[in-house]
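Work through the exercises below with the sequence and the coordinates open. Each task is followed by a solution in steps.

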Amino acid sequence: MEKQPRLLASQLLLKNSLFEVSLNRVLLTWKEIATKKKRVSGGIHHPFKVGTSHGVSVSEILAVRELDVDCGTKDDGRWQKMPQKSTEAYPYAFTVSYVERAWQHRWRCSDVTFHCLEGALCQQWVQTIREQLTALTSRPKHLLVYINPYGGKQQGERIYEQKVAPLFTLASISTHVIVTEHANHARDHLRTEAELKKYDGVVCVGGDGMFSEMVHGLVSRTQRDNGVDQNSPEEKLVPCTLRIGIIPAGSTDCICYATVGINDPVTSALHIIVGDAQPMDVCSVHHNNTFLRYSVSLLGYGFYGDMLADSERKRWMGPARYDFSGFKTFLTHHYYEGTVSFLPATDILGTPRDKTRCRAGCFICQHNGQLYSEDAPEICETDPDVSDSEYKGGWRVIRGKFLAINAASMSCACPRSPKGLSPAAHLADGTTDLILVRKCSRFNFLRHLLRHTSKYDQFDMTFVEVHRVRRFRFTPRYCQSDSELDLRENGKRLFSQICRDHPACSCSPAYSSWNCDGEILPHAAIEVGCVTTPYNLLCKYTVHSESIQTPSLFPHFFTL
């Protein structure tokens, strides 16, 4: 890496000790100057070790402000107590606020205050640092903020006002705040009324449902303005220039946790401020050439669909409804017959069962799944042991009885399932991981569910299979034509019809519901296509916080 020339270098006072402070276009560093007195009194505790260099990336500096040693901060009026010795000898000072990485992917705002001998030197430092921050074009200046006051524990407004708004003010970000009044308020406002050209990004304070609303609002408006027919599964989506950020304030906050590594409002706000960005895959869901919804995290049929449908009738219970409905759904143990057709992603590096996690600067996501597109075979080999699968024109077809059919566009990790439904899923490789859980005993299904919370391979079971796909279709058995069914099962179809007409019987229901990012789809027969938008169709301001090679795991702007 080419060494950056210094912009400024001075000897400044910090914590009653002299430091050599240096600034270039990349780093602000400070190193204590060793003195004879320091060598003699080396046993005295000091917050910075002598000779050790400390620094912060310019891209992670939040703000700089000049201080009046006697009165406090000139910019925001905050009073700060200064040591008497430094006040007398170094009457001018400035404070740099920056990102400090804490434990478990948390980010915090920290301050360091330097004292100067001359006022002109102090102003020069403040002006130079501000010029470098202004040159960071990825940072937002104007944000449109939607707050869901009803999501999760109904703490959205308090979280924003107490934890997020002060940080935005510190970073000189102007905001227009809208508190939503009903479901889909944010979606409808973004579709029609919002003056999007005035903003650099859109932020939602809420959960996964709120994020989904904003995705639908922005994507739908962009496609409408560009004449794209959303009802056509083959249409390519036009990228949106705005970015979307999440401040977690929902029940599970799966999207935030799976991308940032933690559900922490301060961490998410800091990622928004520094302008981190990450592309994301979007799945478009259609039924008979009619657009239904977009999905960015989980599509679940069977277990997760039944659980959501039951929990919607118990919203009065709050977040506890998911535990109750999940336990109830597990006990009912319904399975569903149908046909799953999918197009395997044979031209991509990595599999759903490898141990490669999607991290900042992910090699697979950077190449957008096109690593082996020239040499990839049209279809993969057929497993001779699987009797209910076949291949048609590159598509694999599987018929059977399923307890759950899940499509994970990301790991879907959450505090209760730190690894998620598909730990190796990637955020922007143009694929989704299709997980098929066949009919099995309650005990075996419980083993599968428990592995979501353990370190073991959750797919290492005979009744579970996972495929990385680009497209897939699902048709429930009751929707299939006679030509698709085995004519020898006429008797079974007759009894199945009787069961459907008389739901009081103890047989399993004919079909379940699709859980699409926490919303129930009106149709069971769907077609899903995964679209990667490397040109910033949408962006989220949140990401993982630790990287394999760098201290940051995911840059915080998410591109859908």
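## Exercise 1: a covered helix

Task: in this predicted model, list the buried residues of helix α8.

Solution. Residues Pro265, Val266, Thr267, Ser268, Ala269, Leu270, His271, Ile272, Ile273 and Val274 of α8 are buried. The next step is to look past the end of the helix. Gly275 follows α8 and has a positive phi, near 80°.

As background for the whole chain, the protein has 13 helices and 25 strands. Buried residues account for 53% of its 560 residues. Of the contacts between residues at least 6 apart in sequence, 72% join residues at least 24 apart.

## Exercise 2: strand β11 and its partners

Task: determine how many residues of β11 are buried, which way its side chains point, and which strands pair with β11.

Solution. 

1. One partner is strand β9 (residues 142-147), which pairs with β11 in the parallel sense over 5 bridges. Here Leu143 has Gly201 of β11 as its bridge partner.
2. Another partner is strand β12 (residues 243-248), which runs parallel to β11 and is joined to β11 by 6 bridges. Here Cys204 has Ile246 of β12 as its bridge partner.
3. From β11 the chain crosses through helix α6 (residues 208-225) to β12, and this β-α-β crossover is right-handed.

## Exercise 3: strand β7 in antiparallel pairing

Task: find the bridge partners of Val64 and Phe94, and state the sense of pairing of β7 with β5 and with β8.

Solution. 

1. Strand β7 (residues 92-101) is mostly covered, with 7 of its 10 residues buried.
2. Strand β5 (residues 61-68) pairs with β7 in the antiparallel sense over 7 bridges. The bridge partner of Val64 in β7 is Val96.
3. Strand β8 (residues 107-116) also pairs with β7 in the antiparallel sense, over 10 bridges. The bridge partner of Phe94 in β8 is Phe114.
4. The hairpin of β7 and β8 has 5 residues between the strands, and in this hairpin Gln104 takes a positive phi near 50°.

## Exercise 4: the largest cavity

Task: give the volume of the largest cavity, name its lining and classify the lining residues.

Solution. 

1. Searching the whole structure gives 1 cavity of 30 Å³ or more. The largest cavity holds about 50 Å³ of space.
2. Its lining consists of Gly302, Phe303, Asp306, Thr329, Phe330, Thr332, His333, His334, Leu403 and Phe445.
3. Two or more lining residues come from each of α9 (303-312) and α10 (320-332). The most come from α10, with 3 residues.
4. By class, the lining has 4 nonpolar, 5 polar and 1 charged residues.

## Exercise 5: a lining residue and its contacts

Task: decide whether Asp306 is buried or exposed, and list its contacts beyond four places in sequence.

Solution. 

1. Asp306 lies in helix α9 and belongs to the lining of the largest cavity.
2. Its relative accessibility is 18%; the cut-off for buried is under 20%, so Asp306 counts as buried.
3. Leaving aside neighbours within four places in sequence, Asp306 is in contact with Thr329, His334, Tyr336, Ser512 and Ser513.
4. Among these contacts, Ser512 is 206 residues from Asp306 along the chain, and their C-alpha atoms are separated by 6.3 Å.

Notes
Residues are numbered from 1 along each chain as its sequence is written. This is a predicted model: local features need pLDDT of at least 70, side-chain atom pairs count only at pLDDT 80 or more; totals for chains, interfaces and linings use all residues. Side-chain values use heavy atoms; hydrogens and water are left out. On a 1 Å grid over the protein atoms alone, a cavity is a set of points where a 1.4 Å probe fits but cannot get out, and a pocket is an open set with protein on both sides within 12 Å along at least five of seven lines; lining residues have an atom within 4 Å of a point. Grid points are joined across faces, edges and corners, and a volume is the space filled by probe spheres set on the points. Helices (H or I, at least four residues) and strands (E, at least two) are DSSP runs, numbered from the N terminus. Ala, Val, Leu, Ile, Met, Phe, Trp, Tyr, Cys and Pro count as nonpolar, Asp, Glu, Lys and Arg as charged, and the others, Gly among them, as polar. Buried means under 20% relative accessible area, exposed over 50%, partly exposed in between (1.4 Å probe, protein chains only). Two strands pair if DSSP finds at least two bridges between them. A crossover is right-handed if, with the strands pointing away from the viewer, the path from the first strand over the helix to the second runs clockwise. Contact means heavy atoms within 4.5 Å.
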